[in-house]
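Please keep the sequence and the structure in view while reading.

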Amino acid sequence: MHIHILGICGTFMGGLAVLAKEAGHTVTGCDANVYPPMSTQLESQGITLTQGYGAEQIALEPDLYVIGNVVSRGNPLMEEILNRGLPYVSGPQWMGDHILHDKWVLAVAGTHGKTTTSAMLAWILEYAGYAPGFLIGGVPLNFGISARLWGNHASDFFVIEADEYDTAFFDKRSKFVHYHAKTAVLNNLEYDHADIFPDVAAIENQFHHLVRTVPGVGRLIVNGDNASLERVLKRGCWSEKEFFGAGNQAWRLVMQDGEDFDVVFNDEVQGTVHWNLNGEHNRQNALAAIAAARHVGVTPDIAIEALGQFISVKRRMEVRGIADGVTVIDDFAHHPTAVATTVAGLRHKVGAARILAVLEPRSNTMKLGTMKQALPGSLEQADLVFGFGAAEGKDALGWDLAEALAPLGDKVNCHSNIAELVEAIVGQARPGDHVLIMSNGGFGGVHQKLLNALQNRAQQNGSEARAA
């Protein structure tokens, strides 16, 4: 089958393209912005890409058009597809029908932690010899890729990050209803995606759609400390359930030295996780992954061993470099809760060392200003805060960032120019500091620009010292 993918350079659709190619399909695609690194990755797979959505792409004559959720009515190619009555389907539905239909699907849903938990779960199954396929909204560093059909042998198991965002302009259900999960992790549920959901009740409704699709022989791994998920399950559940969390749940943890912790299941210690990750959120992600893996036969002791070798995910507390004694860290956090847990995790790790938090509120929810009141509280544990809001263009904020962060007092700096932002950070950063950069976008390459500027500062100071 020849499929032509509209919106191919998104993380999900790009991963779908790779899987379709591995499965033997002919794959082409288009997007509004065809550029590296995704374009390079796809072209290396032999996938032909077209810039833009020109109606002339009809001449490719694919068997089916696969539509991403970035495509809307008025898109020239989509309009031509509709006018000619050509066959099309959403990306998530195609994924469910052609990749997942005969798999034991382990789906990880939640407002936070989907990517990291999916990566942990995929690695646990890999370590246990299951050679799972996966599609994850980031790059697990243990694998170096975000999607594959299976590992070193054919596998019946597939781990997928189960996004609650809508499926397509013609299907407003969440993507995850198409995945046919047999094991479903419900990590947490908070209000997010203000551009498509009016309130948290609307998201709870979508999560219950997911619960309805899990078979009776399936299992839900649920955060037992989350009130929204409790409401979801009260609406009906027809599958096995296991709960994890900080409270008195079946799966819980007991802290040991540093970031190590004991895993406890039904009041029996299963072993101790010795690892390099930090933060309570990651420990809870680990509990969920261990519990989900147990459903497919991986014993907790094996899962605990695997997590000892888990490296994490690109752009999740990823150290991008150290220059002039300053450590620059990249993290994907953008929701206030994720920001708070990320800063708290770093604070626990670095102790009294200074944290310079750099935040770009770039998600659709943040640009709408829905959660701006929660930002000051999420950044309280940082020593200095640098905010960035684009002055114009698609990433421009519709609200005053400096005003929103004003409760943090004189430790806040806000900018709308990347060069000025870098200059301000360099002016404040001292050896031993940790600069934590948080954004769900590329942030104008600020990470490398900051490292370069710090290196230049070090060289300049060295030259002056020698001259003296």
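Two strands are said to pair if DSSP finds at least two bridges between them. The model discussed here is a predicted one.

**The open sheet**

Strand β1 (residues 2–6) and strand β4 (residues 64–67) pair in the parallel sense over 4 bridges. Within this pairing, histidine 4 has tyrosine 65 of β4 as its bridge partner. Helix α3 (residues 76–84) packs on the sheet, where it touches β1, β2 (26–31), β4 and β5. The direction of helix α3 makes about 130 degrees with that of β1. Helix α4 (residues 91–98) lies across β1, β4 and β5 and runs at about 90 degrees to β5.

The sheet is open and is formed by 5 strands in the order β3-β2-β1-β4-β5, with parallel pairing. Which strands stand at the edges? They are β3 (48–51) and β5 (88–90); each has a single partner strand, so one side of each is left without a neighbour in the sheet. From one strand to the next, the twist averages 25 degrees.

Is strand β13 (residues 219–223) mostly covered or mostly uncovered? It is mostly covered, since 5 of its 5 residues are buried. Arg219, Ile221 and Asn223 point one way from β13, while Leu220 and Val222 point the other way.

Alanine 181 has its place in the loop between β11 (171–174) and β12. Its relative accessibility is 0%, and because buried means under 20%, alanine 181 counts as buried. Alanine 181 touches Val105, Ala107, Thr213, Val214 and Pro215, not counting residues up to four places away in sequence. Alanine 181 and arginine 219 are 38 residues apart in sequence and 9.1 Å apart in space, C-alpha to C-alpha.

In soluble globular proteins, nonpolar side chains tend to be buried together. The largest nonpolar core of this model has 51 residues, and those with the most contacts inside it include Ile3, Ile5, Val66 and Trp94. Helix α1 (residues 11–22) gives the most to this core, with 7 residues. Apart from this core lies another, of 42 residues, among them Met120, Ile136, Trp275 and Ile290. Isoleucine 5 touches several residues, including Met13, Leu16, Ala17, Val27 and Val66, not counting residues up to four places away in sequence.

**Aromatic pairs**

A pair of aromatic rings is described by the distance of the centres and the angle of the planes. A search of the whole structure finds 12 aromatic pairs. In one of them, the rings of tyrosine 88 and phenylalanine 170 have their centres 5.1 Å apart and their planes at 75 degrees, so the pair is edge-to-face. Tyrosine 88 lies in strand β5 and phenylalanine 170 in the loop between β10 (166–168) and β11; the pair therefore ties together parts that are 82 residues apart in sequence. Tyrosine 88, at 32% relative accessibility, counts as partly exposed, and phenylalanine 170, at 33%, also counts as partly exposed. One aromatic cluster is formed by Trp123, Tyr127, Phe134 and Phe143.

Notes
Residues are numbered from 1 along each chain as its sequence is written. This is a predicted model: local features need pLDDT of at least 70, side-chain atom pairs count only at pLDDT 80 or more; totals for chains, interfaces and linings use all residues. Side-chain values use heavy atoms; hydrogens and water are left out. A nonpolar core is a set of buried Ala, Val, Leu, Ile, Met, Phe, Trp, Tyr and Cys residues joined through side-chain atoms within 4.5 Å. Buried means under 20% relative accessible area, exposed over 50%, partly exposed in between (1.4 Å probe, protein chains only). Helices (H or I, at least four residues) and strands (E, at least two) are DSSP runs, numbered from the N terminus. Contact means heavy atoms within 4.5 Å. Axes are lines fitted to C-alpha atoms, for helices over the stretch in contact, and angles run from 0 to 180 degrees between N-to-C directions. Rings of Phe, Tyr and Trp (its six-membered ring) pair if their centres lie within 6.5 Å; planes under 30 degrees apart count as stacked, over 60 as edge-to-face and the rest as tilted.
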